Amino acid sequence: MNVPNHVAIIMDGNGRWATKRGLKRSAGHLEGSKTLEKLAIHAYDMGVKVLSVYAFSTDNFKRDPEEVEYLMNLLVKYFNTKFEKIIKRGVKIVISGRKTNLREDVLEAINNIEAKTKANQNGILNICFNYGGQEEIIDGALKLAKDINSGLDITNFKREDFYKYLYHELPPIDLLIRTGGEERVSNFMLYQMSYSEFYFTNTYFPDFDKSEFNKALFMFENRDRRFGGLHDIQTK
Ligand code: IPE
Ligand code: IPE
Ligand code: MG
């Protein structure tokens with residue numbers, strides 16, 4: 001099977017999952033976090049090396065303060081007490097996003113989990129938190145500008161060279177999944193998704209289980225990726 005090396009998921013639909021059941025939106029976020037734990041293990045079992053997930057966007061601060069607070073608390077709780085299975089599996093956890101506007105305990109939880117899993121080599125889980133794709137490109141461009149000021153020679157600077165200026169140097173995204181029915185990217189990893197295959201599903205994220213994930217993998221296997229080129233047969 002041709003398994004994507006880097007899968008990214010826009011984990012959408014938690015709120016609607018809960019509302020449909022007469023529950024508070026927070027119940028959907030809690031259920032979504034449980035889904036993520038199971039899904040991540042499954043993805044690595046299937047051969048995925050890097051899994052990126054969109055957990056909180058810079059624009060999500062526009063939401064009700066109560067919901068924002070719930071999501072912050074959930075992250076702290078998860079980083080401090082959960083994710084054991086993922087860590088035991090040897091997965092390295094990295095967090096992408098701006099460190100501004102975050103509470104002290106949130107920053108501490110982020111630093112702890114990154115430090116704890118730093119040497120792990122059996123896969124990467126990239127959690128995008130207080131993350132924006134345009135912000136990541138701007139922040140990267142500012143770092144590059146600093147290097148240029150310090151004398152970096154950019155005569156032959158290529159698009160591949162920019163990856164190291166992003167929050168973490170990750171490979172390009174092969175497969176991008178968005179759950180919850182919307183067909184948009186909502187400022188997710190814009191630089192890394194230039195040649196991603198997209199998979200949209202109406203399934204709300206809490207219901208996005210292993211078999212739903214496998215459907216996306218099967219779809220990926222049948223996509224014809226050309227990267228702007230042509231296959232031999234078409235050039236003859
Ligand atoms: C995605 O689910 C998770 C976050 C944005 C934190 P939503 O909270 O956007 O759920 P819906 O889209 O309102 O159903
Ligand atoms: C994208 O979902 C962000 C996350 C999944 C964390 P949103 O629900 O915030 O995106 P929009 O508002 O539908 O574009
Ligand atoms: Mg949403």
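I count Ala, Val, Leu, Ile, Met, Phe, Trp, Tyr, Cys and Pro as nonpolar, Asp, Glu, Lys and Arg as charged, and the others, Gly among them, as polar. By these classes, the shell around ligand 2 divides into five nonpolar, two polar and four charged residues.

**Ground rules**

I note that this is a predicted model, in which local features need pLDDT of at least 70 and side-chain atom pairs pLDDT 80 or more, while totals for chains, interfaces and linings use all residues. Residues are numbered from 1 along each chain as its sequence is written, chains are lettered from A and ligands numbered from 1 in written order, and side-chain values use heavy atoms, with hydrogens and water left out.

**Entry: ligand 2**

I looked up the residues near ligand 2, where near means that a heavy atom of the residue lies within 4 Å. They are Ile10, Met11, Asp12, Tyr54, Ala55, Phe56, Asn60, Arg63, Arg178, Arg184 and Ser186.

I took helices (H or I, at least four residues) and strands (E, at least two) as DSSP runs, numbered from the N terminus. Strand 2 gives the most to this shell, with three residues.

Next I looked for polar contacts, which are pairs of N or O atoms within 3.5 Å; within protein, one atom must be able to donate a hydrogen and the other to accept it, and residues adjacent in sequence count only if both atoms are side-chain atoms. An oxygen atom of ligand 2 is 2.6 Å from a side-chain N or O atom of serine 186. For arginine 63, the distance from a side-chain N or O atom to an oxygen atom of ligand 2 is 3.3 Å. A polar side-chain atom of asparagine 60 lies 2.9 Å from an oxygen atom of the ligand. Ligand 2 alone exposes 390 Å², of which the protein buries 78%; the areas come from the Shrake-Rupley method with a 1.4 Å probe, and for residues only the protein chains shown count as cover.

**Entry: asparagine 60**

Where is asparagine 60? I found asparagine 60 in the loop between strand 2 (50-57) and helix 3. Its relative accessible area is 16%, so it is buried (buried is under 20%, exposed over 50%, partly exposed in between, with a 1.4 Å probe and protein chains only). A polar atom of the asparagine 60 side chain also lies 2.8 Å from the backbone nitrogen of serine 57.

**Entry: ligand 1**

Ligand 1 has 13 residues around it, and Met11, Asp12, Arg16, Arg25 and Arg63 come nearest. The shell has three nonpolar, five polar and five charged residues. Helix 1 gives the most, with three residues.

An oxygen atom of ligand 1 is 2.8 Å from a side-chain N or O atom of aspartate 12. Polar backbone atoms also come up: that of glycine 13 is 3.4 Å from an oxygen atom of ligand 1, and that of asparagine 14 is 3.2 Å from one. The protein covers 87% of the 380 Å² of accessible area that ligand 1 has on its own.

**Entry: positive phi**

Most residues other than glycine have a negative phi. Asparagine 187 is buried because its relative accessible area is 14%.

Phenylalanine 227 has a positive phi of about 50 degrees. Phenylalanine 227 is in the loop between helix 7 (210-221) and helix 8 (232-235), and at 48% relative accessibility it counts as partly exposed.
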